[in-house]
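Visitor: I have a model open and would like to learn how to read it. Could you walk me through it?

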Amino acid sequence: MKPLLVYPLAALAEIAGCFAFWAWLKLDRSPLWLIPGVAALIAFAWLLTLVPSAAAGRAFAAYGGVYIVASLVWMGLVEKAAPDRWDLIGGAVCLIGAAMILLGPRG
């Protein structure tokens, strides 16, 4: 599976899983939110194993940039809090860094 598909899916799974815990602990939702939350976090971990990289650390580091941007998208779409220009600039810098890590030439 290609990173362009895996990383966004992993980010969605991680954010959804973490948000389930946030909702339970901070928004006073039912503990039943934890069931899909844990399942989403398991899916997240599994998805990252599909990234074609010889080093797990490199795959995880590159994912970090995608996660940051996905978190800003989540903030805008789910939490209805619009990212500001600094959020957008920072997200772009992170994606550039992630691309350098994942796609840079290896000697």
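Visitor: Where do I start? How many helices and strands does the chain have?

Guide: Start with secondary structure. This is a predicted model. Its chain has 4 helices and 0 strands. Read from the N terminus, the order is α-α-α-α.

Visitor: What are the dimensions of the box that the C-alpha atoms fill?

Guide: Take the box along the principal axes. Here the C-alpha atoms fill roughly 50 × 35 × 20 Å.

Visitor: And what share of the residues counts as buried?

Guide: Burial is judged by relative accessible area, and under 20% is the cut-off. The chain has 107 residues, and 27% of them count as buried.

Visitor: Now the core. Which residues touch the most other members of the largest nonpolar core?

Guide: The general idea is that in soluble globular proteins nonpolar side chains tend to be buried together. In this chain, the largest nonpolar core has 14 residues. Tyr7, Ala10, Phe44, Leu48, Val51 and Tyr63 touch the most other members. H1, H2 (34-48) and H3 (56-77) each supply at least two residues of this core. H1 gives the largest share, with 5 residues.

Visitor: Take one of those. Which residues is Tyr63 in contact with?

Guide: Skip neighbours within four places in sequence. Tyr63 then contacts Tyr7, Ala10, Ala11, Glu14, Phe44 and Leu48.

Visitor: Glu14 is on that list. Is Glu14 buried or exposed?

Guide: Glu14 sits in helix H1 (residues 3-26). Glu14 is buried, yet it has no salt bridge. A salt bridge needs a nitrogen-to-oxygen distance within 4 Å. The nearest side chain of opposite charge is Lys26, 17 Å away.

Visitor: Then what does Glu14 touch?

Guide: Leave out residues up to four places away in sequence. Glu14 touches Leu41, Phe44, Tyr63 and Tyr67.

Visitor: How many positive and negative side chains does the whole chain have?

Guide: Count them, then compare the centres of the two sets. The chain has 7 positive and 5 negative side chains. The two centres lie 11 Å apart.

Visitor: On to the backbone. What is the phi of Asp28?

Guide: Asp28 has a phi near 60°, a positive value in a residue other than glycine. Asp28 lies in the loop between H1 and H2. Its relative accessible area is 72%, so Asp28 is exposed.

Visitor: And where is Lys80 found?

Guide: Lys80 is in the loop between H3 and helix H4 (85-103). Lys80 also has a positive phi, about 60°, although it is not a glycine. Lys80 counts as exposed because its relative accessibility is 68%.

Visitor: Last topic: sequence distance against distance in space. How far apart in space are Val6 and Leu48?

Guide: Val6 and Leu48 are 42 residues apart in sequence, and their C-alpha atoms are 7.0 Å apart. Val6 belongs to helix H1. Its relative accessibility is 0%, so Val6 counts as buried.

Visitor: Is Met100 buried or exposed?

Guide: Met100 is in helix H4. Met100 is exposed because its relative accessible area is 58%. Met100 and Ala62 are 38 residues apart in sequence and 8.2 Å apart, C-alpha to C-alpha.

Visitor: Where is Val38?

Guide: Val38 is in helix H2. At 39% relative accessibility, Val38 is partly exposed. Val38 and Ala13 are 25 residues apart in sequence, with 9.7 Å between their C-alpha atoms.

Visitor: One more pair. What separates the C-alpha atoms of Gly97 and Gly76?

Guide: Those C-alpha atoms are separated by 23 Å. Along the chain, Gly97 and Gly76 are 21 residues apart. Gly97 lies in helix H4. With 26% relative accessibility, Gly97 counts as partly exposed.

How values were computed
Residues numbered from 1 in each chain as written. Predicted model: local features only at pLDDT ≥ 70, side-chain atom pairs only at ≥ 80, totals over all residues. Heavy atoms only, no water. Buried < 20%, exposed > 50% of the residue type's maximum accessible area, 1.4 Å probe, protein only. Lys, Arg positive; Asp, Glu negative; His and termini not counted. Charge placed at Lys NZ, Arg CZ, Asp CG, Glu CD. Contact = heavy atoms within 4.5 Å. Core = buried A, V, L, I, M, F, W, Y, C linked by side-chain atoms within 4.5 Å.
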